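Work through the exercises below with the model open. Each task is followed by a solution in steps.

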Amino acid sequence: MMAGAAQHREPVRYVQIDESLCNGCVLCIKACPTKAIRIREGKARIEGVCIDCCECVRVCPRRAIQAITSESLDLAEKDHIIVSPSTVLYSQFGEDVLPNDVLLGLKRMGFGYIHDQSYTSEIFNLAVELYIKENREKPDAPLPFISPVCPVVVSLIAYRFQSLLKHIPPLITPREIVAREGKTRLAARHGLDAETFKVLHITPCPSKMICMKESILQEHSYLDAAIGINTIYGELKRNIHDVEDDIVLHHSGGIGLSWGMSGGEISGVELNCLAVSGLEETIRYLEKIEIGLLGDIDYVEFRACTEGCLGGPFTVMDKYQGKRNLQKLVRMFGVEKQVKYGYVKKLYDKGWFFTDKKESHEEAITQISAVDIARGIERLKRIEETLKLLPRKECGACGSPDCTTFAEDVTDGKASLESCVFWKDQKRKLNIRP
Amino acid sequence: MKPGGLLKKYSIKPRDFVKAGEGSIRIQKFLKFIGFDAGLIRRISICAYEAEMNVVMHGGDGEMSMLVDPKEIVLEVADDGPGIPDIGLALQEGYSTASPEHREMGFGAGMGLPNIKKNADSLDIHSGNGQGVHLTMCFEVKTR
């Protein structure tokens with residue numbers, strides 16, 4: 001769709017299509033927000049920029065599209081693995097299973113170290129408050145600031161809303177903080193190299209893979225592998241039981257636990273905040289911010305999945321039931337902050353929360369050449385001319401998601417007008433002679 | 001139309017708050033599509049939105065047009081509403097004629113024209129009592 005948008009990364013894909021199951025229907029090409037998929041020779045193919053949102057995975061009725069997670073982590077070496085689950089995991093086992101039970105279940109599975117994220121999430125909330133209070137009064141402060149937490153949203157901004165990159169505070173996410181601190185503290189304790197320890201993230205979505213391999217906001221990720229909640233679910237469930245155990249692995253209050261649902265992150269930020277979830281709504285709001293609206297808001301929590309991470313493609317429990325479980329946990333643990341402001345302030349002043357990427361948030365000043373602009377205008381004119389020839393039925397039968405995109409593909413030489421199923425009729429109607 | 005240029009037109013309906021801002025978002029998408037620099041697009045979109053909202057709130061039937069050229073983008077917003085009696089006053093920071101009803105909807109912080117002046121490379125206003133408003137905003141395209 002975007003002619004001028006630079007491809008920000010090589011197409012390493014964590015969404016894969018099994019052609020033997022694909023029957024070439026149009027559901028995925030229509031669902032894709034970046035219009036990256038086409039049907040070619042009767043099969044779906046990812047040709048454009050994939051932001052790992054998994055909308056195609058969700059709509060595919062034949063399960064031909066699957067999201068994948070980590071390849072290489074030797075699970076036999078469990079004693080050197082630090083497991084750090086998304087807080088969504090706590091919502092997946094019913095209302096009587098507490099976060100500590102889930103973490104103990106992971107321990108019983110044989111993993112060396114189990115690190116909870118919800119407590120760090122509460123710390124991160126305070127870091128966001130500090131950052132915003134420090135920066136919002138500056139002239140031309142990029143308000144509203146945008147949460148760096150959802151990797152799909154970050155990819156979406158990098159691909160379609162580049163001018164909003166500077167709205168993302170240069171803070172590292174709780175999952176990265178947990179991984180970094182886990183490794184460095186264990187290394188110091190055992191007198192070993194930090195890289196002896198590997199961090200496995202249990203995730204509701206495959207987009208964490210992207211953060212690990214080619215993050216936009218960081219030079220280096222501290223996570224080593226990710227595994228879907230659904231992959232580990234069965235074995236973990238068998239290991240969760242009522243046996244009395246006095247090891248306490250979970251320390252947060254309700255706020256840290258609520259992060260898995262939409263509005264959970266901002267529930268811990270005492271500023272003027274807004275939570276938006278779902279890809280369609282996210283795009284609508286990013287468009288608004290890009291034309292200068294919502295400047296009276298300090299911070300927006302965007303989550304690409306509807307209802308937040310609970311709606312991730314790797315979850316097992318339905319998002320609304322999961323939400324109910326989390327809400328119950330929030331009531332049980334209360335909304336008092338468990339972390340101390342002074343402690344976080346000290347860490348903040350030491351630079352503990354800042355990413356290692358220096359210029360990532362500065363708007364890339366891309367000086368475009370006049371030739372490129374002239375070419376862009378000419379291309380657009382040709383696309384509009386082509387579009388006039390099309391029936392605007394938006395059927396997708398040609399293999400492109402809609403008539404506009406088809407006109408682009410024809411203009412760029414990637415498709416022929418003959419693939420439009422209405423083309424014969426159109427030729428007659430418009431009096432076009434062969 | 002200048003050779004090489006491209007003209008786009010969108011109509012603006014007064015008091016249509018549901019569709020308000022759609023023209024600006026289309027302009028923004030359109031400029032992105034061509035491949036202009038994000039900062040320039042942002043400035044143009046902000047101006048388009050402010051001008052569009054002025055028509056929706058105070059104006060009559062209006063039209064927004066944009067002429068895109070590799071060197072310059074000209075945005076014009078015109079309507080046949082009551083017009084601006086005192087342009088100098090309307091250009092002052094903080095001055096607003098928004099009704100309490102508009103303010104409740106979050107509009108009318110008096111940012112309209114001053115915000116356009118700040119973001120456009122040049123601004124030309126033609127108006128008077130009962131004469132509608134005709135804004136012409138120009139943006140220079142900086143290329144290497």
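**Exercise 1: the chain contact**

Task: find how many residues of chain A and of chain B take part in the contact.

Solution. Chain A brings 33 residues to the contact and chain B brings 27 residues, where contact means heavy atoms within 4.5 Å. This is a predicted model, in which local features need pLDDT of at least 70 and side-chain atom pairs count only at pLDDT 80 or more, while totals for chains, interfaces and linings use all residues; side-chain values use heavy atoms, with hydrogens and water left out. Residues are numbered from 1 along each chain as its sequence is written, and chains are lettered from A in the order in which they are written.

Next, take the area. About 2,700 Å² is buried between chain A and chain B, and carbon and sulfur atoms give 62% of this. Buried area is the accessible area (1.4 Å probe) that two parts lose on being put together, summed over both.

Last, look for charge pairs. Three salt bridges are found across the interface of chain A and chain B, a salt bridge being a side-chain nitrogen of Lys or Arg within 4 Å of a carboxyl oxygen of Asp or Glu. Glu287(A) forms a salt bridge with Lys29(B), with 3.3 Å between the closest N and O atoms.

**Exercise 2: domains of chain A**

Task: state into which domains chain A is divided.

Solution. The domains are domain 1 (1-68), domain 2 (81-364) and domain 3 (369-434), with bounds from an automatic or database domain assignment. For spacing, the C-alpha centres of domain 2 and domain 3 of chain A are 43 Å apart.

**Exercise 3: the largest cavity**

Task: describe the volume and lining of the largest cavity.

Solution. A cavity is a set of points, on a 1 Å grid over the protein atoms alone, where a 1.4 Å probe fits but cannot get out; lining residues have an atom within 4 Å of a point. Grid points are joined across faces, edges and corners, and a volume is the space filled by probe spheres set on the points.

1. The structure has seven cavities of 30 Å³ or more, and the largest cavity holds about 300 Å³.
2. It is lined by 28 residues, and Ser86(A), Val149(A), Arg175(A), Lys208(A) and Cys309(A) are the closest to its centre.
3. Domain 1 (1-68) and domain 2 (81-364) of chain A each give at least three residues to the lining of the largest cavity.

Technical notes: On a 1 Å grid over the protein atoms alone, a cavity is a set of points where a 1.4 Å probe fits but cannot get out, and a pocket is an open set with protein on both sides within 12 Å along at least five of seven lines; lining residues have an atom within 4 Å of a point.
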